[in-house]
Amino acid sequence: MAERDRSSLLRLLIAHYEEMTGHLARRLGSLCLAEDVVQDTYLRLRSLGAVPEIDNPRSYLFRMADNIALDRIRAETRMGKRFAPEELGLERPLDEPDAEATLEHKQRLDCLSRALDELPPRCREVFVLHKFDGMSHAEIAARLGISRSMVEKHVMKALAHCRDRLAA
């Protein structure tokens, strides 16, 4: 009986993989960490000796994954305290960019914004729809009433222009 319950939980985990990964990525701030936690959840399910009586299996899986994520956060916090103590003058989290990196990123974004403003309106519109709104070439072509080939040309022109401006 327990093996059947474990198998159904594993199938449920696989069925809700993307939903669980998204949930954990929002909580952990990293898709990679979220995928690791889902993998750990799978491994923990595989190693369960006896499956308890579960009223809501989906909720049980998400709670298990949340607990594993919490364990991981606690472990990283302990390691962070051990390897980056306040006595070293580190008053901010290690993954937070410093002022110089923040300024450099802002300057590059400003340069990219100016480069986009220099593009012809249609070229800029196609590029924004593709790169920022995530539309496919076919969707953009249908929306703007132009050929897919023209969409590709606009995207390539915009990419080349932005690359040249950011390299300068």
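**A helical model, residue by residue**

Guide: Let us begin with H154, which lies in helix α8 (residues 148-167); helices here are DSSP runs of H or I with at least four residues, strands are runs of E with at least two, and both are numbered from the N terminus. This is a predicted model, in which local features need pLDDT of at least 70 and side-chain atom pairs count only at pLDDT 80 or more, while totals for chains, interfaces and linings use all residues. Residues are numbered from 1 along each chain as its sequence is written, and side-chain values use heavy atoms, with hydrogens and water left out.

Visitor: Is H154 buried or exposed?

Guide: Buried means under 20% relative accessible area, exposed means over 50%, and partly exposed is in between (1.4 Å probe, protein chains only). Residues in contact with H154, not counting those up to four places away in sequence, are R122, C123, V126 and I146, where contact means heavy atoms within 4.5 Å. With a relative accessible area of 15%, H154 is buried.

Visitor: How many helices and strands does the protein chain have?

Guide: Reading from the N terminus on, the elements run α-α-α-α-α-α-α-α. The count is therefore eight helices and zero strands.

Visitor: What share of the 168 residues in the protein chain is buried?

Guide: The protein chain exposes about 11,700 Å², of which carbon and sulfur atoms supply 53%; these areas come from the Shrake-Rupley method with a 1.4 Å probe, and for residues only the protein chains shown count as cover. Among contacts with a separation of 6 or more, residues 24 or more positions apart account for 60%. The buried share of the 168 residues is 26%.

Visitor: Which residues does T41 touch, leaving aside neighbours within four places in sequence?

Guide: T41 lies in helix α3. T41 is buried, as its relative accessible area is 0%. Leaving aside those neighbours, its contacts are L13, L61, M64, A65 and I68.

Visitor: Where do the buried residues of α2 fall, seen down the helix axis?

Guide: An α-helix has 3.6 residues a turn, so residues three or four places apart point the same way. In α2, the buried residues are M20, T21, L24, A25 and L28. Because their directions, taken from the helix axis to the C-beta atoms, fall within an arc of 135 degrees, they line one face of the helix. On the other side of α2 are the exposed residues E18 and R26.

Visitor: What distance separates the end C-alpha atoms of α2?

Guide: The expected span of a helix is 1.5 Å times one less than its number of residues. For the twelve residues of α2 that gives 16 Å, which agrees with the distance between the end C-alpha atoms, 16 Å.

Visitor: Which residue follows α2, and what is its phi?

Guide: Phi is positive at the residue that follows α2. The residue is G29, with a phi near 80 degrees.

Visitor: How many salt bridges does the structure hold?

Guide: A salt bridge is a side-chain nitrogen of Lys or Arg within 4 Å of a carboxyl oxygen of Asp or Glu. One of them joins R163 and D164, whose closest N and O atoms are 3.3 Å apart. R163 is exposed at 53% relative accessible area, while D164 is partly exposed at 45%. The total in the structure is nine.

Visitor: How many residues apart are R27 and D66?

Guide: The side chains of R27 and D66 meet in a salt bridge (3.3 Å, N to O). This pair links distant parts of the chain, R27 in helix α2 (residues 17-28) and D66 in helix α4 (residues 57-83), 39 residues apart. R27 is partly exposed at 38% relative accessibility, whereas D66 is buried at 11%. The separation asked for is 39 residues.

Visitor: Which parts of the chain does the salt bridge of R72 and D36 tie together?

Guide: The side chains of R72 and D36 meet at 3.8 Å, N to O. R72 lies in helix α4 and D36 in helix α3 (residues 31-46), so the pair ties together parts 36 residues apart in sequence. Both count as partly exposed, R72 at 23% and D36 at 33%. The parts tied together are helices α4 and α3.

Visitor: Which element has the lowest mean pLDDT?

Guide: pLDDT is the predictor's confidence in each residue, from 0 to 100. The protein chain averages 83, and 86% of the residues score at least 70. Among the elements, helix α7 (residues 137-144) has the highest mean, 94, and the lowest, 78, belongs to helix α1 (residues 2-15).
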